[in-house]
Amino acid sequence: MADEKDREETAVAEFHKKIKEAFEVFDHESNNTVDVREIGTIIRSLGCCPSEGELHDLIAELEEEEPTGYIRFEKFLPVMTEILLERRYRPIPEDVLLRAFEVLDTAKRGFLTKDELIKYMTEEGEPFSQEEMEEMLSAAIDPESNSINYKDYISMMVIDEN
Amino acid sequence: MGCNTSSTRIKNSQTSLRAVLIIQNWFRGYRARLKARQQYALTIFQSIEYADEQDQIQLCNFFTFMLENYKHIRKEEIELSQLTESKLDMMDKQDYVDLIDVPDSYQGPRLQFPLTCADIDLLLEAFKGKQILHARYVLEVLFETKKLLKQMPNFTQIQTSPSKEVTVCGDLHGKLDDLFLIFYKNGLPSGSNPYVFNGDFVDRGRNSMEVLMILCVSFLVYPNDLHLNRGNHEDYMMNLRKNKTYSISYLQIHGKKILQTLEELYTWLPIGTIIDNEILVVHGGISETTDLNLLHRLERNKMKSVLMPPKEINKDYNTDSKHSKLGVTISAHGRIKASGLSSEHLPKHEWEQVIDILWSDPRGKKGCFPNTGRGGGCYFGPDITSKILNKFQLKMIIRSHECKPEGYEICHGGKVVTIFSASNYYEEDSNRGAYVKLCSGTNPRFFQYQVTDATCFQPLHQRVSTMENSAIKILRERMISRKSDLIHAFQHQDRRKSGKLPVSQWAFCMESILGLNLPWRSLSSNLVIIDQNGNVEYMSSFRNIHIEKPIKEANSALVETLYRYRSDLEIIFNAIDTDHSGLISMEEFHAMWKLFSSHYNLHIDNSQVNKIANMMDLNRDGSIDFTEFLKAFYVVHKYETMVKPEATNLAEQHK
C-alpha cells in the first residue's frame, strides 16, 4: 500500500518536472508564463492529443478571470498533471490512422487526390487553416501524381517521430 | 428503400466525419510536436552560445593568475618584443599604407579615396562576386574610419522626418547575405536613407571582414547618415579565436596591422544612438544604475575589452557580484603587462556602465539581476526600463544582442524592442532577420526576411530534422568534452552498478555537470538509450562518438581535457602570440600549459602533453603552430543508429 503511494508520488514528481521542462522552453520571458497560443503546442509535445474543441475548453480553464493572453505555470501545472495521470487525450495509434484514410478512400485506390484531401481537411470536421493545409500538402503530396499515398505518408511520419 | 439509403448516407457521412477528425487530430498533434522540437533545438543553440560566452569571460581569472606566475619566464622576451612593437607603432598610417603596393595583377576592387557612393557599389558587386579586397584598401578604410570615428560623440543624435525615416538593424555577425538582402529590400544608405547598425557586425558568420568593410565604407561616404554602435563582439579579445572570426584570406598579409587597427577602431565606436531625443539605441540594454550623463562624458576608447576589467587601487574583490573578478590587462598588441595604468583604462564604475550597455538582456521579471547566462551585464525588468526611461526623458529602447525567431521582439509593454538582423543564425531556418523603420510621430514599422536556400522549400518536418540534428550534434560534442565528469556523476548515482539510471537522476547529472538549463527529459530519447522501464543506459551516449587522438598513445582523459578547453587555449595562445605569427615557442607552450592545468586543477600527466606538443613541432625549430595543435583534437561522429531497446545486445558490457 505504502509502496504504491510512493510510486504514485514519484510518478507525480516526475510529471511535474517533465511539465516544467516543456513549459520553460516556451517561457521566453522567464517569468513563468507562456503565450496562450503556444499552450496547444506544449500540451501536444507532452504526448497528448486533444481535439481543437477539447483544447479550447482547456484554455478556457487555464486562462485568468480577465484573459491576459498569457497562461501562468501555477495554473497549468495541476491541470496538466491530472491530464497525464488520467492518461487523457491519448494519441492516435497508427492502425486507426490508416483506417481513417481508408474510409475516406471510398474507391479503395490506395491514395487520395490532392483535391479530395483539401476538401476533406478544410471543409469538414475541425477544418484546417491554410497554413496547416499547406504544411500537410508539402510533405504528403507526390508532385508527379498530385496525390497522397497515405500508407507511405504515415510510415514516413512515424519514422520521423521516432 | 429510401429510408435505408438516407440512413446509410448519414452513417457513411458520420464515419467519414470521424475519419476526418481522426486525421486532423493526429496531424495537429504531429505538427505541434514538430514545433516543440524546433523550439528545443533553438534552446540548445542559445544555451550553448551563452555558456561559451561565459566561459570566455571566465578567462579573466586565468589571465590574472597567468600574470602573477608567468612574468619571470618571459621577462626578457617581453622587453624585446616591446622594442620591435614600438617601431611599428611609430609608423603612422600614411607611412605604413604607402608602403603597400597593389600589384597590377590584382583583380579585386580598387577604391578611390576620398570615397564616394560609387565605391560602395563597387565593393558590393565585388563581394557578390566573392572577390577579396586587397590589404592596402582594407587598412586604408580602417584607418580612415578610425580617424572619423574619433570625432564622433559617445552617443550620436539623429532626427527623423516623414521624408527621412531611419532604419535600425541589429546583429549581423558576419552574415553578408543578410546585409545584401537588407540593402536590396530597403535601399542603399544615403542622405535620405539613414541607417543605424546596432553592433555585432562581426564574428560567427563567414564574412565578418566583408560586412565590416561595407559598413565602414558606407560610413566614410555618409558619416552623418550611417551610424555604427559598438556591440559586445566589437571587442578584440572576444575575437581572439581569430581564425574563426576573420577569414584567413584577409590576414595572410599585413594581418597584424589589420588586427591592431581593428582593435583600436572598435574602441572608438560610439556606445549608442539617440533618435528624436526619445529613442535610445544600444546593443545590449541597461541596468538599474545606468547613467546616461556619465556615459556621455566618459572616454569610450579606454574601454578596451570586457575581458580586461580595470584594477582597483585598493584591491576590493567582494564589491561586485555582478561582474567578473578583477584581472590583468593585456594590451592591444597582445603584450602581457602589469595591470592597467589608470590613464589607459576606464575607472571601474565607468567600465561597468559600458558593460551593462553592451551585455544586458531584458526579462519579464522585475528588478535587476546579474546576467548569469552570459556572465556579463544584467537582466533588467520592466520596472527598471520605466525608471531609466523616465529618468532621462526617453520613450523607448531599441536593442539587439539576442537572436529572436521572428527577427524582432517587443517587450516591457512596448518600451523595449529587440532587433536582430542575422537570419538563419544558428542553423538553416532557425530564425528570421528583421529591421525597423522609425519616423517621429508614427509607430515603428518592422520588416522581416530570411536568406533563402534550397532547404527552405523543404517540408517542415525535414527542416526541423535538420535543425534538430545540428543542435543534438553540438550538444553531444559538449557531452563528450565532459565525458569523464559525466561518467563519474552517473556512477556515483548508480549504486548497484547496473549501468542504468532513472531518467530523473540522469537529467540531474546532465544539468549539474554541463551547466545547461535544458529540457533533459524531453531530449533524452535523442541523446541516450532508454529501456522499457524508462531507465536510461547512461553509457550509450558515448558510443558512436569519440574525440580523435592525435597520437595513439595519448590517454583519453588528456585528449578529452584538451578538447574541452580548446577554445580557451586558443585565446590564450593568441594572446601570447605577440607577432600574430600563429606560432609560439615550445618553452612558452610548456609554461602556459603548466599554468593552465594548475589553475584549472587538471589532473593531467604533463609529460603526455609535452609529447604531443613535440609532435607538433614538425620542423624542429622549437616552435609550435598552435592552430594545428588545437585542430588535432576534434570529435568524430560515427553513423548514428539508436538501437531499439528490444534489440539491445544484453551481453554487451559497458566499459
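Good morning. I begin with a network of salt bridges that links A:Arg44, A:Glu52, A:Glu131, A:Glu132, A:Glu135, B:Arg28 and B:Arg31. A salt bridge here is a side-chain nitrogen of Lys or Arg within 4 Å of a carboxyl oxygen of Asp or Glu. Please note that this is a predicted model, in which local features need pLDDT of at least 70 and side-chain atom pairs count only at pLDDT 80 or more, while totals for chains, interfaces and linings use all residues. Residues are numbered from 1 along each chain as its sequence is written, chains are lettered from A and ligands numbered from 1 in the order in which they are written, and side-chain values use heavy atoms, with hydrogens and water left out.

A:Glu131 forms a salt bridge with B:Arg31, and their closest N and O atoms are 3.3 Å apart. The pair joins two chains, because A:Glu131 lies in helix α7 (residues 130-140) of chain A and B:Arg31 in helix α1 of chain B. Helices are DSSP runs of H or I with at least four residues, strands are runs of E with at least two, and both are numbered from the N terminus. A:Glu131 is partly exposed at 48% relative accessibility, whereas B:Arg31 is buried at 14%. Buried means under 20% relative accessible area, exposed over 50%, and partly exposed in between, with a 1.4 Å probe and protein chains only.

Over all chains, the count comes to 39 salt bridges. Within chain B, B:Arg374 pairs with B:Asp361, the closest N and O atoms being 2.9 Å apart. B:Arg374 sits in the loop between β10 (368-370) and β11 (378-380), and B:Asp361 in strand β9 (residues 361-362), 13 residues apart.

I turn now to the nonpolar cores. Such a core is a set of buried Ala, Val, Leu, Ile, Met, Phe, Trp, Tyr and Cys residues joined through side-chain atoms within 4.5 Å. The largest has 93 residues, and those with the most contacts inside it are A:Phe76, B:Trp506, B:Trp520, B:Leu527 and B:Phe573. Helix α1 (residues 2-90) of chain B gives the largest share of this core, 8 residues. A second, separate core of 59 residues includes B:Phe127, B:Phe197, B:Met209 and B:Leu259.
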